[in-house]
Amino acid sequence: MDYAYATNAATMAAELLAIDSPTGFTDRAAAWVLAAFRGMGYPAELTRKGGVLADLGGQGDGLLLEAHTDTLGAMVAEVKASGRLRLTPLGGMHPCNAEAENVRVYTRGGRVLEGVCQLCNASVHVNKDYGTTQRSFDTLEVLLDEKADTAEETKALGVQVGDMVCFDPRTRITDTGYIKSRFLDDKLSVGILLSFARYLKDTGITPARHVWVHVTVYEEVGHGGAASVPAGVTEAISVDMGCVGEGLTCTERQVSICAKDSGGPYAYRVVGGLIAAAKAQGADYAVDVYPHYGSDVEATLSAGNDILHGLIGPGVYASHGYERSHTDGVYNTLKVLAGYVQP
């Protein structure tokens with residue numbers, strides 16, 4: 001496989017990252033993914049939940065590849081008397097990673113208002129407790145970049161409880177191949193699956209089994225992969241971020257194969273097959289246990305589907321924060337997919 005497919009995956013991920021899509025607000029991102037698959041000539045459709053299901057072809061027992069385009073974010077929980085906004089997180093958004101970030105607030109009336117998320121009383125020269133204040137979504141607030149100094153002024157802008165608050169991803173791809181952004185989990189892997197689909201199309205390869213892709217939209221709240229499993233699927237692999245951190249061996253330049261996470265062990269046979277594919281393709285890989293992690297494919301099993309399951313992904317550092325990966329990790333993930341689908 002040419003390295004250009006890794007570069008293409010990063011480019012497609014960057015385009016998708018530019019589309020705000022926190023859990024529950026994914027229609028535009030799903031439409032973009034749908035158009036991308038159809039643009040390559042693949043049959044693809046929206047699921048009732050709002051995800052995308054694409055048929056990559058092949059015959060025999062079905063293999064479902066899952067990734068998700070929903071991200072972390074927040075929702076307006078209160079318009080305060082000061083005109084500022086108290087937030088409630090969507091997914092595992094941590095307040096320490098929300099502070100001092102630019103945001104966009106999407107109103108029900110169709111306006112998009114810019115603002116910034118800050119600690120309440122955020123001026124160091126005024127607040128002697130700035131450094132010791134516990135960061136929480138009760139001690140943070142959003143200041144709109146508008147004349148919004150009272151609740152009435154803010155509400156007059158169309159802002160109300162339930163409006164979506166999206167954090168700027170700050171995406172950058174460096175000359176040295178590093179990919180830095182919020183929400184690489186899991187838009188980087190959506191880019192990988194799109195580029196893998198392009199690889200199959202360009203090479204004319206017909207998978208040795210019937211391969212489907214499901215790009216889900218509720219993974220960050222635990223039920224993304226719980227539905228829309230096509231008939232005949234006997235195995236599902238979640239293509240998500242690989243964990244990088246202390247006690248693990250994976251780096252940002254490798255593909256991570258997960259043996260176990262908080263949901264328990266992945267199918268022994270599948271993990272072994274992924275390792276064999278990595279070796280056969282000459283992919284740089286690591287096998288790790290993730291201590292605090294759950295995946296789409298575990299939701300697929302929890303919904304009662306009688307399938308085998310596995311999990312791979314490019315190494316990503318600083319998960320759920322300002323994340324970083326590398327095109328080498330993307331390339332190694334693509335190689336494992338190619339080797340597993342066409343052994």
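**Figure 1. Overview of the surface and fold of the predicted model.** The protein exposes about 14200 Å², of which carbon and sulfur atoms supply 50%, the areas coming from the Shrake-Rupley method with a 1.4 Å probe, where for residues only the protein chains shown count as cover. This is a predicted model, in which local features need pLDDT of at least 70 and side-chain atom pairs count only at pLDDT 80 or more, while totals for chains, interfaces and linings use all residues. Residues are numbered from 1 along each chain as its sequence is written, and side-chain values use heavy atoms, with hydrogens and water left out. The protein holds eight helices and 19 strands, which are DSSP runs numbered from the N terminus (helices: H or I, at least four residues; strands: E, at least two). Its radius of gyration, taken over C-alpha atoms, is 21 Å, close to the 20 Å that the globule rule (2.2 Å times the number of residues to the power 0.38) gives for 343 residues, so the protein is as compact as a globular protein of that length. Of the 343 residues, 55% are buried, a word that here stands for under 20% relative accessible area, with exposed over 50% and partly exposed in between (1.4 Å probe, protein chains only).

Figure 2. E141 lies in strand 8, which covers residues 140-144, and counts as buried because its relative accessibility is 5%. The side chains of E141 and R84 are joined by a polar contact of 2.8 Å, that is, a pair of N or O atoms within 3.5 Å of which, within protein, one must be able to donate a hydrogen and the other to accept it, residues adjacent in sequence counting only if both atoms are side-chain atoms. Beyond its neighbours within four places in sequence, E141 has contacts (heavy atoms within 4.5 Å) with residues including K80, L85, V116 and C117.

Figure 3. K180 is placed in strand 11, residues 178-181, and counts as partly exposed, with a relative accessibility of 23%. When residues up to four places away in sequence are not counted, K180 touches R170, T171, R172, T174, Y322, E323 and R324.

Figure 4. Y340 belongs to helix 8, residues 327-341, and is buried, since its relative accessible area is 14%. Residues up to four places away in sequence set aside, Y340 touches several residues, among them L63, R209, E235 and I237. Between the C-alpha atoms of Y340 and H223, which are 117 residues apart along the chain, the separation is 26 Å.
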